[in-house]
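These are my notebook entries from an afternoon of looking things up in one structure.

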Amino acid sequence: MKTSGILLFFALLFSACDSNNNPFVYQKDAHGRGKAHIYVEESFKPLFSTSIATFESQYPKAKVTATYGAENQMIDAFYANKTKTIVVSRNFNDKEKEYLKSKNVSYRSDKIATDAIVIILHPSMEDTVLSVAQIKKLLSNDNSKLPSNSPLDQIVFDQKGSANFNYLTNMLQIEQLSSRVSALQSNEEVINYVKTHPGTMGIIGLNWISDQDDPTSMAFMDGLKVASIYTTNPADACKPYAGFIYTKEYPLIRDIWVINKGRRSGLHTGFVLFMKKDDKGQLIIQKSGLVPALTPIRLVLQ
């Protein structure tokens, strides 16, 4: 009877602790155990597909499911409490921070890597060196031409409201898009469309074509040209290689942020730490041709 009473006491204690969010309550998930559903900007899909598979192989009791989509959709999902974790290309701005504070929503933002926007071209196109100013004109002015006066029929993004779309239109302060600008549904669709349509330029995330050890990434590269970009001096034009991203010589760079809701430690937090601080997580980022937030990158002079 005494043993039964003690067991009943502890059962009631833990039940009460659970309803009051007591920190001593048993959690169904931990850093390497349980289930987590994260929302990831589609530009970063190759990186996170590999990272999730590696994380799950390291922690067999963990299951991480990812939903991929446009950045604006990911942020809306965070607001709607559909997920605790989103992966986007920016931190919350001041207005968003004030809104979340007014709703008593606690969160943590972690920069895990630096990425880049890539301008891809149909292989028949001659103009592979472009300035930031020229890109702005091509996106916003129907009459603007390529430096060689070659025809440019279409410019395609992945999705309206994506990280690629948001970054370029905000950075270049574009108020009105040219009529030749259109959106598809994914970075992969942009790659395949540019390959098969002469006179077409595409805007994608570097992550889709940067992993030299990934056969899929290399297959995407086949049949494409990647533009070199400069700000003021054509002699400074460079492609989005990790070294030029690290030194910020490549002009079209952005960060990858993981934003995690709540203070309680669990699988969501464990996955963020894996991406930010774990040697394997940072190595995956570096192997993907991106610049890790913490791990130094080795620069090779040529």
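**Entry 1**

I began with asparagine 91, which I found in the loop between strand S3 (85-88) and helix H4 (94-102). Before going further I noted that I am reading a predicted model. I looked up how open the residue is, and asparagine 91 counts as partly exposed because its relative accessibility is 23%. Setting aside the neighbours within four places in sequence, I listed Glu96, Lys97, Ser109, Trp257 and Ile259 as the contacts of asparagine 91. With one of these, serine 109, asparagine 91 makes a polar contact from side chain to side chain, at 2.7 Å. I also looked along the chain to isoleucine 256, which is 165 residues apart from asparagine 91, and found that the two C-alpha atoms are separated by 8.9 Å.

I then looked up the confidence values, and the protein chain has an average pLDDT of 87, with 86% of the residues scoring at least 70. Over residues 1-26, however, the pLDDT is below 50, and this stretch has seven contacts in the model beyond near neighbours in sequence.

**Entry 1: Salt bridges**

How many salt bridges does a search of the whole structure find? The search gives five, and I followed some of them one at a time.

In one of them, the side chains of arginine 90 and glutamate 96 meet at 2.8 Å, N to O. Arginine 90 counts as partly exposed at 28% relative accessibility, whereas glutamate 96, at 12%, counts as buried.

In another, aspartate 110 meets arginine 108, side chain to side chain, at 3.2 Å from N to O. I noted that aspartate 110 is buried, with a relative accessible area of 5%.

I returned to arginine 254, whose strand S11 covers residues 253-261. Which side chain does arginine 254 join in a polar contact of 2.9 Å? The partner is the side chain of asparagine 164. Leaving aside neighbours within four places in sequence, I found that the contacts of arginine 254 include Ser43, Phe44, Ser89, Thr114, Asp115, Tyr167 and Gly205.

**Entry 2: Strands and their pairing**

Strand S1 (residues 34-41) and strand S2 (residues 62-69) run parallel and are joined by eight bridges. As an example I took tyrosine 39, whose bridge partner in S2 is threonine 67. Between S1 and S2 the chain passes through helix H2 (residues 45-58), and I noted that this β-α-β crossover is right-handed.

I next looked at strand S8 (residues 200-205): is this strand mostly covered or mostly open? S8 is mostly covered, for six of its six residues are buried. Thr200, Gly202 and Ile204 point one way from S8, while Met201, Ile203 and Gly205 point the other way, and all are buried. I set beside this the rule that side chains in a regular strand alternate between the two faces of the sheet.

S8 has a pairing with S4, where five bridges join the two strands and they run antiparallel; here valine 118 has isoleucine 204 as its bridge partner in S8. Strand S6 (residues 154-157) is joined to S8 as well, by three bridges, and these two run parallel; glutamine 154 has threonine 200 as its bridge partner in S8.

**Entry 3: Serine 178**

My last stop was serine 178, in the loop between helix H6 (163-171) and strand S7 (181-183). Is serine 178 buried or exposed? Serine 178 is buried, with a relative accessible area of 4%. The side chain of serine 178 is joined to that of aspartate 142 by a polar contact of 2.5 Å. Not counting residues up to four places away in sequence, serine 178 touches Leu138, Leu139, Ser140, Asn141 and Asp142.

Terms used:
Residues are numbered from 1 along each chain as its sequence is written. This is a predicted model: local features need pLDDT of at least 70, side-chain atom pairs count only at pLDDT 80 or more; totals for chains, interfaces and linings use all residues. Side-chain values use heavy atoms; hydrogens and water are left out. Helices (H or I, at least four residues) and strands (E, at least two) are DSSP runs, numbered from the N terminus. A polar contact is a pair of N or O atoms within 3.5 Å; within protein, one must be able to donate a hydrogen and the other to accept it, and residues adjacent in sequence count only if both atoms are side-chain atoms. Contact means heavy atoms within 4.5 Å. pLDDT is the predictor's confidence in each residue, from 0 to 100. Buried means under 20% relative accessible area, exposed over 50%, partly exposed in between (1.4 Å probe, protein chains only). A salt bridge is a side-chain nitrogen of Lys or Arg within 4 Å of a carboxyl oxygen of Asp or Glu. Two strands pair if DSSP finds at least two bridges between them. A crossover is right-handed if, with the strands pointing away from the viewer, the path from the first strand over the helix to the second runs clockwise.
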